Number of protein chains: 2
Amino acid sequence: MKPTTLKEIAEILGISITTVSKALKDYPDVSKKTKAMVKELAVTMNYRPNSFAVNLRTKESKTIGLIIPEIVHHFFSSVIKGIISQAEKKGYLVIILQSDESYVLEKKQMELLLNKNVDGLLISLANATADFDHLTNFMEQGKPLVLFDKVAKIVNCSKIIIDDRKAAETATQHLIDTGCKRIAHFRGPLLPQNSIDRFLGYRKALRDNHMEYDPSLVYICNDMSYEEGGNYAEQLVKEHPDVDGVFINTDMVAIGAITRLRDMGIDIPGQISIVGFSNWFMSSAISPSLTTIDQPGFEMGKVAFKRLYKEMQAVKSKKQLPPTIKVLDTALVKRESTRSVTV
Amino acid sequence: MKPTTLKEIAEILGISITTVSKALKDYPDVSKKTKAMVKELAVTMNYRPNSFAVNLRTKESKTIGLIIPEIVHHFFSSVIKGIISQAEKKGYLVIILQSDESYVLEKKQMELLLNKNVDGLLISLANATADFDHLTNFMEQGKPLVLFDKVAKIVNCSKIIIDDRKAAETATQHLIDTGCKRIAHFRGPLLPQNSIDRFLGYRKALRDNHMEYDPSLVYICNDMSYEEGGNYAEQLVKEHPDVDGVFINTDMVAIGAITRLRDMGIDIPGQISIVGFSNWFMSSAISPSLTTIDQPGFEMGKVAFKRLYKEMQAVKSKKQLPPTIKVLDTALVKRESTRSVTV
DNA sequence: CTGAAAGCGCTTACAG
DNA sequence: CTGAAAGCGCTTACAG
C-alpha cells in the first residue's frame with residue numbers, strides 16, 4: 001500500500017499542493033472550509049507526511065544520537081530511559097550506539113551519527129578516550145553536544161555530572177560519624193575520572209578528620225564485580241583485622257563484600273560498616289541492606305536531554321548558548337550496613 | 001560550517017553533478033582519472049552525502065524501530081545490545097522506544113516509528129496488549145515486522161522465541177531427577193504467555209513423572225521482585241514443610257527466596273532445592289549459586305535483527321518472505337542450589 | 001566516458 | 001484566500 005502524498009489529496013480536491021500543505025499545518029491564510037475539507041480527506045486517506053522530504057526541506061531530523069560505554073548496565077539503562085522519555089515529550093527520537101569503552105569504536109559511532117544527520121548528540125565517554133578531536137569535530141558542524149556522567153573537563157560543551165568527590169566525602173564522613181576509626185577503600189580502576197574523584201573524596205574526609213591515610217587500606221578493583229568485592233573483603237579482614245569501615249566504589253562490589261563477610265560470620269555493621277555507591281536496586285534487597293550514595297541515572301538522562309534540547313532550539317534561531325555544567329545532587333541513603341547511632 | 005554538496009564538488013572540478021555522484025559510487029562508466037580526482041576532493045572537503053536527500057531518493061532510511069516493555073531490565077538490555085550490534089554490522093541504526101507494558105503506549109510508539117519511516121520494526125509486546133490491529137496495520141504498509149520474546153501467536157509475522165514450556169519442564173525434571181518428591185512453583189502473573197507456559201511445563205513434568213499436582217503449591221508472583229521471593233519462600237516453608245523443591249519463574253524472585261531460606265537456616269539444596277529461570281548474572285554470584293535456565297537475550301537480539309534484515313532485503317527486491325518462527329535453545333545451568341547426585 | 005533532465009515529497013517566499 | 005514556482009541534495013534512466 002503506497003503512502004498518500006500531498007499531490008494526491010490536491011488532485012482529488014482540485015486544489016493546489018501548496019494549499020493542501022498549508023491547510024494541514026493550519027496556516028492562518030487558508031479558509032476554514034478548505035482546511036476542514038483537506039483535513040478530513042487526509043484522515044480518510046491515512047496521510048502521513050513523508051519524513052524524508054520534510055527532513056530535507058527543514059534540515060532537521062528530530063532525532064538525536066546517544067553513545068554510551070555499555071548498554072547492559074543498570075545505571076546506564078536508567079539514563080537511557082530518562083533520555084528517551086524526555087525526548088519523546090519533545091517529539092525527538094533517539095538512536096543508541098555503544099562504545100564498549102573503546103575510543104576507536106566511540107569515534108566510529110560518532111561518524112555514523114554524523115552521517116545520519118542527527119540534530120544533536122549525547123555522550124558518556126569511554127574509559128579509553130583520551131583524545132577529544134572527534135567531539136570538537138562534531139561541534140564544528142554546528143551541532144550541539146552534551147556530555148554526561150563520564151565527561152572530559154577539557155571539552156568546551158555542556159555537561160551533566162555528579163560531584164563524585166563530594167559524594168565520596170559524604171560517604172566516608174558518614175562512616176566516621178557513626179564511629180569508624182580505621183576506614184578502608186575499595187576503589188575503581190586507576191584511569192576513569194570518577195574512580196579517581198571518589199578516591200580523592202575518601203582521602204579528603206580522612207584528612208579533614210585528622211585520620212591517617214594508609215595506602216595499604218586502598219584496594220584497586222579492576223573488573224568491579226561481585227566476586228572481586230568478596231575476595232577483597234576476605235583479604236582485607238586478614239590483612240587488617242583492625243579495619244571497622246569500608247567505603248566501596250560501587251554497589252555491585254559492596255554487595256559482594258557484604259555477602260562474603262556475612263558468610264565469614266562477621267557482624268555488619270557491628271564489626272565492619274560498609275558504604276557503597278550508586279544505589280543499585282539490589283542494595284535495598286540484600287541483608288543487611290546497603291548504605292549507599294544515590295546516583296540519579298534517570299534524572300541525569302532527563303536533564304541531559306533537556307539541556308541538549310535547549311541548545312538545539314538555540315541553533316534553530318541561529319543563536320549559540322554558552323556551555324553550562326550541571327551538577328546533580330547525590331544523596332546518602334542510610335541503611336543497615338552502617339550504624340544508626342551518631343557518635 | 002556548511003556541509004559540502006555534490007554541486008560544490010562539481011563546480012570546483014568543472015564537471016557535472018551526475019559524474020561526481022557516479023564517481024563517488026564507483027560506477028563502472030566513469031573514467032579512473034575522474035574517479036580519483038573526485039574522490040580526492042571529496043575527502044579534502046570532508047564530503048558526506050546528505051542522508052535526508054538519499055533517504056528521499058532511495059525511499060529507505062537504513063533505520064529500524066525497536067519497542068520493548070522496559071529498558072531497565074537485564075534481559076531486555078541484553079536483547080537491545082544484541083540487536084544494535086548486529087544492526088551496526090549491516091549498516092542499520094536503531095531507534096528505541098519503550099511501551100511500559102501499556103497497550104496504548106505501544107500503539108503510540110508504533111505510530112511514531114511509522115511516521116519516522118523506519119525500514120522495519122522489532123517488538124516485544126506489552127503485557128497489556130491483547131488487540132493486534134496496530135501490528136497488522138504496520139505490516140500493511142509493506143514493512144517487515146518481527147516479534148521476539150513476548151509474541152502473539154495470532155499475528156502472522158516472524159517470531160523469535162524460546163520454548164518456555166519445554167524449558168520449565170526441563171527445570172522441573174531436574175528437580176525430580178535429583179530426588180525432589182514434592183515440588184512447588186512460584187509462577188508469574190496470570191496473563192503473560194510466558195508465565196502461563198512455564199507453569200504448564202511445570203505441570204507436565206509432574207504429570208509425566210506420575211507426581212500429584214497440588215494447586216496449593218503454586219504461588220503467584222505479581223511484581224516478580226526479590227522481596228516477593230523471600231516472602232513466598234517463608235510462607236511456603238510454613239504452609240508446606242514437606243516441600244523439598246521449588247521451580248521459580250525468574251531468577252530475581254529465586255534469589256530472594258534463596259536468601260530468605262538461608263537466613264532461616266534452611267539448607268539449600270539439602271532440605272530444599274531451587275531452580276530459577278533466566279540466568280541473570282547475579283545467579284552465579286550468590287551463595288549458594290542458583291541452578292537456572294539460561295535465556296539467551298543477546299543471542300535473541302541478534303537473531304531477531306538477522307531475520308528482520310532478511311525480510312527488509314526481500315522487500316527491496318519486491319519479494320515477500322513467508323513468516324518463520326525461530327525457537328532459540330535454552331539450557332539448564334546446574335549450580336549449587338540443586339543436588340548434583342542423580343538418583 | 002560525460003551530462004542534461006526528471007523526480008523523490010515536501011515547504012515557503014512571493015504574486016495575485 | 002489561493003497557487004505557481006523554486007529549491008532542499010541526491011540518484012538514475014536516458015541520450016549523446
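Domain bounds, as used here, come from an automatic or database domain assignment. In the predicted model described below, that assignment divides chain A into domain 1 (6–49), domain 2 (62–162 + 298–328) and domain 3 (164–295). The centres of domain 1 of chain A and domain 2 of chain A, taken over C-alpha atoms, are separated by 38 Å. For residues 4–58 of chain A, an unreviewed UniProt entry carries the annotation "domain: HTH lacI-type".

DNA strand C is surrounded by 25 residues, of which Thr5(A), Leu6(A), Asn50(A), Ala53(A) and Ser16(B) are the closest. Two or more residues of the surface near DNA strand C are given by each of α1 (6–13), α2 and α4 of chain A, and likewise by each of α2, α3 (32–44) and α4 of chain B. The largest share of this surface near DNA strand C is that of α4(A), with five residues. When the residues of the surface near DNA strand C are sorted by class, nine are nonpolar, 10 are polar and six are charged.

Around DNA strand D there are likewise 25 residues, and those that come nearest are Ser16(A), Ser31(A), Thr5(B), Asn50(B) and Ala53(B). At least two residues of the surface near DNA strand D are supplied by each of α2 (17–24), α3 (32–44) and α4 (51–58) of chain A, and by each of α1 (6–13), α2 (17–24) and α4 (51–58) of chain B. Here α4(B) provides the largest share, five residues. The surface near DNA strand D consists of nine nonpolar, 10 polar and six charged residues.

The two protein chains also touch one another, with 36 residues of chain A in contact with 36 residues of chain B. On the side of chain A that touches chain B, at least two residues are supplied by each of α4, α5 (74–89), β2 (93–98), α6 (103–115), α10 (226–239) and α11 (251–263) of chain A. This side of chain A is made up of 17 nonpolar, 13 polar and six charged residues.

Four strands in the order β7-β6-β8-β9 (chain A) form an open sheet, and their pairing is parallel. From one strand to the next, the twist averages 15 degrees. Within this part of the chain, strand β6 (residues 183–187) of chain A pairs with strand β8 (residues 245–248) of chain A in the parallel sense over four bridges, and Ile183(A) has Gly245(A) as its bridge partner in β8(A). Helix α8 (residues 164–177) of chain A lies across β6, β8 and β9 of chain A and runs at about 165 degrees to β8(A), whereas α10(A) lies across β6, β7 and β8 of chain A at about 150 degrees to β6(A).

Chain B contains an open sheet of four strands in the order β7-β6-β8-β9 (chain B), again with parallel pairing. Because β7 (218–220) and β9 (273–275) of chain B stand at the edges with a single partner strand each, one side of each is left without a neighbour in the sheet. Strand β6 (residues 183–187) of chain B and strand β8 (residues 245–248) of chain B are joined in the parallel sense over four bridges, with Ile183(B) standing opposite Gly245(B) in β8(B). Helix α8 (residues 164–177) of chain B lies across β6, β8 and β9 of chain B and is oriented at about 165 degrees to β8(B). Helix α11 (residues 251–263) of chain B packs on the sheet as well, touching β6, β8 and β9 of chain B, and its direction makes about 150 degrees with that of β8(B).

Some details of the backbone remain to be noted. Most residues other than glycine have a negative phi, and most peptide bonds are trans. In chain A, the peptide bond that joins Ile268(A) and Pro269(A) is cis, with omega about 10 degrees, and Pro269(A) lies in the loop between α11 and β9 of chain A. In chain B, a cis peptide bond leads from Ile268(B) to Pro269(B), with omega near 10 degrees, and Pro269(B) is located in the loop between α11 and β9 of chain B. Asp100(B), although not a glycine, has a positive phi of about 60 degrees; its place is in the loop between β2 (93–98) and α6 (103–115) of chain B.

Methods:
Residues are numbered from 1 along each chain as its sequence is written. Chains are lettered from A and ligands numbered from 1 in the order in which they are written. This is a predicted model: local features need pLDDT of at least 70, side-chain atom pairs count only at pLDDT 80 or more; totals for chains, interfaces and linings use all residues. A residue is near a molecule or strand if its C-beta atom, placed from the backbone, lies within 6 Å of it. Ala, Val, Leu, Ile, Met, Phe, Trp, Tyr, Cys and Pro count as nonpolar, Asp, Glu, Lys and Arg as charged, and the others, Gly among them, as polar. Two residues are in contact if their C-beta atoms, placed from the backbone, lie within 7 Å. Two strands pair if DSSP finds at least two bridges between them. Axes are lines fitted to C-alpha atoms, for helices over the stretch in contact, and angles run from 0 to 180 degrees between N-to-C directions. UniProt positions are given in the numbering used here, feature names are shortened, and annotations may be inferred rather than shown by experiment.
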